Amino acid sequence: MIKVALDVMGGDNAPYEIVKGAVIAVNENKELKVFLVGQTAVIEETINKLKSEGLSVNDSLLETVEAPEVITNDEAPVMAIRRKKDSSISVAMRLVKEEKADAFVSAGSTGAVLVGGQLIVGRLKGIERSPLASLMPTQKGVSLLVDCGANVDSRSAHLIQYAIMGSIYMENVIGIKNPKVAIVNVGVEEEKGNALVKETYPLLKSRSDINFTGSIETRQIPYGDADVIVCDAFVGNAILKLYEGVAGVLLEEIKKGLLSTTISKIGAMLSKKALKNTLSAFDATKHGGAPMLGLNGLVVKTHGNAKHNEIKNALIQCISFKNQGINDKIKEYLSE
């Protein structure tokens, strides 16, 4: 049984979409138990609403944990974590720290989740920085972007660890043997890049335990030219947000074009199934959230506007992470 502590109060669509995602997740996976962490009265009201809508609720795999306080996006993350000990984020993370839960999932304040991951759950011994790692849909499947939001000022030693942890994740969770690792750069030539890239490139190149393929330009990322894409969080977050924004605009424009004339509407009807399958391949939400790698427990951050399907997938994602023993493999690697 994999136990996940879910922050019910965090996110733009909390608590309804968060609880709904948990209910669907345990309905589909009997090896999953979810702690619904938040204000008990709010959680019970939401569950009753879902029941009234006809959704089956497996009470034996859902357990409510009281957390009266809520951390909002407007609060300073460090102060919020330190002052609000009874917030849904803090209480849920303590369940992981105390090994009552295997993982934590939240759509709430990114800053608070990152700080809580470091201060409450804690880093594995030997890990200097814990990065956020996001799976990004590509033409060939998915690529892992590390770091996409945790450490905006990284050093070369940090990027080496990102590459190692990212490779372990992709090989064991996604099943890609000897994953290709690339560093984000403004060109593919070895001499190009800023100070961080120029310092990190030869270090990655010299590692026999990393399948380093060189630099990758951002325009090549959607083609899946690398399995693990390494960068500092300032660059990574900019890539991620642009990626999502362009995908959203393209989807809207495609829909608009398909509905613009009678002929295009007929064409849309005829190609609906094929088009739906193609577009679903580039739906980032189906891969769940972004795990923080290198912590003493699994911490997963979903989009702030996550709906039930993304929450469900993030919860299911925790099963693979735990079953494959990602943290144990990282620890084993560091001890070699």
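**Notebook: a serine, an asparagine and helix 6**

I began with Ser 264 and found that its side chain reaches the backbone oxygen of Leu 258 at 2.9 Å. The model I am reading is a predicted one, and I keep that in mind throughout. Ser 264 is found in helix 9, which covers residues 262-270. I then asked myself: is Ser 264 buried or exposed? Its relative accessible area is 16%, and because buried means under 20%, Ser 264 counts as buried. Leaving aside residues up to four places away in sequence, I listed what Ser 264 touches and wrote down Gly 257, Leu 258 and Leu 259.

**Entry on Asn 185**

Next I looked up Asn 185, which lies in the loop between strand 7 (180-184) and helix 7 (195-205). Although Asn 185 sits in a loop, it counts as buried, with 7% relative accessibility. Which side chain does the side chain of Asn 185 join in a polar contact of 3.0 Å? I found that the partner is Ser 215. A polar atom of the Asn 185 side chain also lies 3.5 Å from the backbone nitrogen of Gly 193.

**Entry on helix 6**

I then turned to helix 6, which runs through residues 156-174 and has 19 residues. From its first C-alpha to its last, helix 6 reaches 26 Å, which is close to the 27 Å expected at 1.5 Å a residue. How many of the 19 residues of helix 6 are buried? I noted 14, and helix 6 is therefore mostly covered, given that buried means under 20% relative accessible area.

I also checked how helix 6 meets helix 7, and found that their axes come within 9 Å and cross at roughly 50 degrees. That angle makes helix 6 oblique to helix 7, and the crossing is right-handed. On the helix 6 side the residues that meet helix 7 are Ser 156, Leu 159, Ile 160 and Ala 163, while on the helix 7 side they are Leu 196, Glu 199, Thr 200, Leu 203 and Leu 204. To read such lists I recalled that an α-helix has 3.6 residues a turn, so residues three or four places apart point the same way.

**Entry on backbone angles**

Just after helix 6, Gly 175 takes a positive phi of about 85 degrees. In the loop between helix 6 and strand 7 I came to Asn 178, which has a positive phi of about 50 degrees although it is not a glycine. Glu 99 is another residue other than glycine with a positive phi, near 65 degrees, and I located Glu 99 in the loop between helix 4 (88-97) and strand 4 (103-106). Glu 99 counts as exposed, at 71% relative accessibility.

Finally I looked at cis peptide bonds. Where is Pro 15 found? It is in the loop between strand 1 (2-7) and helix 1 (16-28), and a cis peptide bond with omega of about -5 degrees joins Ala 14 and Pro 15. The peptide bond from Val 146 to Asp 147 is cis too, with omega near 15 degrees, and Asp 147 lies in the loop between strand 6 (141-146) and helix 6.

Key. Residues numbered from 1 in each chain as written. Predicted model: local features only at pLDDT ≥ 70, side-chain atom pairs only at ≥ 80, totals over all residues. Heavy atoms only, no water. Helix = DSSP H or I, 4+ residues; strand = E, 2+ residues; numbered from the N terminus. Expected span 1.5 Å × (residues − 1). Buried < 20%, exposed > 50% of the residue type's maximum accessible area, 1.4 Å probe, protein only. Polar contact = N/O pair within 3.5 Å; in protein donor to acceptor, adjacent residues only side chain to side chain. Axes fitted to C-alpha atoms, helices over the stretch in contact; angles between N-to-C directions. Parallel < 35°, antiparallel > 145°, perpendicular 65-115°, else oblique. Left-handed = near helix turned anticlockwise from the far one by under 90°. Contact = heavy atoms within 4.5 Å.
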